[in-house]
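Subject: Handover of a structure

Dear colleague,

I am passing on to you the structure shown below. Please look through it before reading the notes that come after it.

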Amino acid sequence: MMENIVIVVHLLVALAIIGLILLQRGKGAEAGASFGGGASQTVFGSQGGGDFFSKLTAVLAVVFFVTSFTLAIIAKNQSVIGSEVDIGIPVIEEVQESEVPVLESQSSDVESDLPTVAPSADDAQGDVPTIN
């Protein structure tokens, strides 16, 4: 319940910050006002709404960081609670040494396709022609 309220406030503040940033004028907009931009037509007077929008954006940014921090704390607490819950993963018990199969060492009566001794260089010279 508390998490849902914080998420809703977080989203509303994020949208409000985006809206306020889009409403603010850039630095280049003041140059046009000196050539007859007409400050009498602004809602916030001749100074404009720059100060008001800047302060409101700063306040909303602080609220945004507080809600972000709060959501991080809530997520951490839920992950700690979730790690203590038994989710049905079987625990592997230790295997005793007597249960582990042991390979019998090769005895001399077992025939193998592998040669026991590598062929020497003298055996192979009869097939290879040499150049003198």
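The notes below set out what was found in this structure.

Please bear in mind that this is a predicted model, in which local features need pLDDT of at least 70 and side-chain atom pairs count only at pLDDT 80 or more, while totals for chains, interfaces and linings use all residues. Residues are numbered from 1 along each chain as its sequence is written, and side-chain values use heavy atoms, with hydrogens and water left out.

Confidence and overall layout

The mean pLDDT of the chain (the predictor's confidence in each residue, from 0 to 100) is 74, and 42% of the residues score at least 70. Among the elements, helix α1 (residues 2-23) has the highest mean pLDDT, at 94, whereas helix α4 (residues 121-124) has the lowest, at 58.

The chain contains four helices and zero strands; helices (H or I, at least four residues) and strands (E, at least two) are DSSP runs, numbered from the N terminus. Along the sequence, the pattern is α-α-α-α.

Of the 132 residues in the chain, 9% are buried. Here buried means under 20% relative accessible area, exposed means over 50%, and partly exposed lies in between (1.4 Å probe, protein chains only). The accessible surface of the chain is about 12,100 Å², as given by the Shrake-Rupley method with a 1.4 Å probe, where for residues only the protein chains shown count as cover. Carbon and sulfur atoms hold 62% of that surface.

A contact means heavy atoms within 4.5 Å. Of the contacts in the chain with a separation of 6 or more, 86% are between residues 24 or more positions apart.

Helices α1 and α3

T67 is located in helix α3 (residues 50-84), and H10 is located in helix α1. The two are separated by 57 residues in sequence and by 5.8 Å in space, C-alpha to C-alpha. T67 counts as buried because its relative accessibility is 7%; H10 also counts as buried, because its value is 16%. Not counting residues up to four places away in sequence, T67 touches V6, V9 and H10. With its neighbours within four places likewise left aside, H10 is in contact with F64, T67, S68 and L71.

A61 also belongs to helix α3 and is partly exposed, because its relative accessibility is 25%. Between A61 and I17 there are 44 residues of sequence separation and 7.2 Å in space, C-alpha to C-alpha. I18, in helix α1, has a relative accessible area of 48% and is therefore partly exposed. I18 and T57 lie 39 residues apart in sequence, with 9.1 Å between their C-alpha atoms.

Aromatic pairs

A pair of aromatic rings is described by the distance of the centres and the angle of the planes. Rings of Phe, Tyr and Trp (its six-membered ring) pair if their centres lie within 6.5 Å; planes under 30 degrees apart count as stacked, over 60 as edge-to-face and the rest as tilted. By this rule there are two aromatic pairs. One is formed by F52 and F53 and is tilted, with 5.7 Å centre to centre and 50° between the planes. The other pair, F64 and F65, is edge-to-face because the planes stand at 75°, with the ring centres 6.2 Å apart.

As for their accessibility, F52 is partly exposed at 45% and F53 is buried at 15%. F64 is partly exposed at 26%, while F65 is exposed at 58%.

A nonpolar surface patch

M1, I5, V9, V59 and V63 make a nonpolar surface patch of about 460 Å². Patches are made of residues with over 30% relative accessible area and no salt bridge, like charges being joined within 9 Å and nonpolar side chains (Val, Leu, Ile, Met, Phe, Trp, Tyr) within 5 Å; a salt bridge is a side-chain nitrogen of Lys or Arg within 4 Å of a carboxyl oxygen of Asp or Glu. Helices α1 and α3 are the elements that give two or more residues to the nonpolar patch. V59, one of the patch residues, lies in helix α3.

With kind regards
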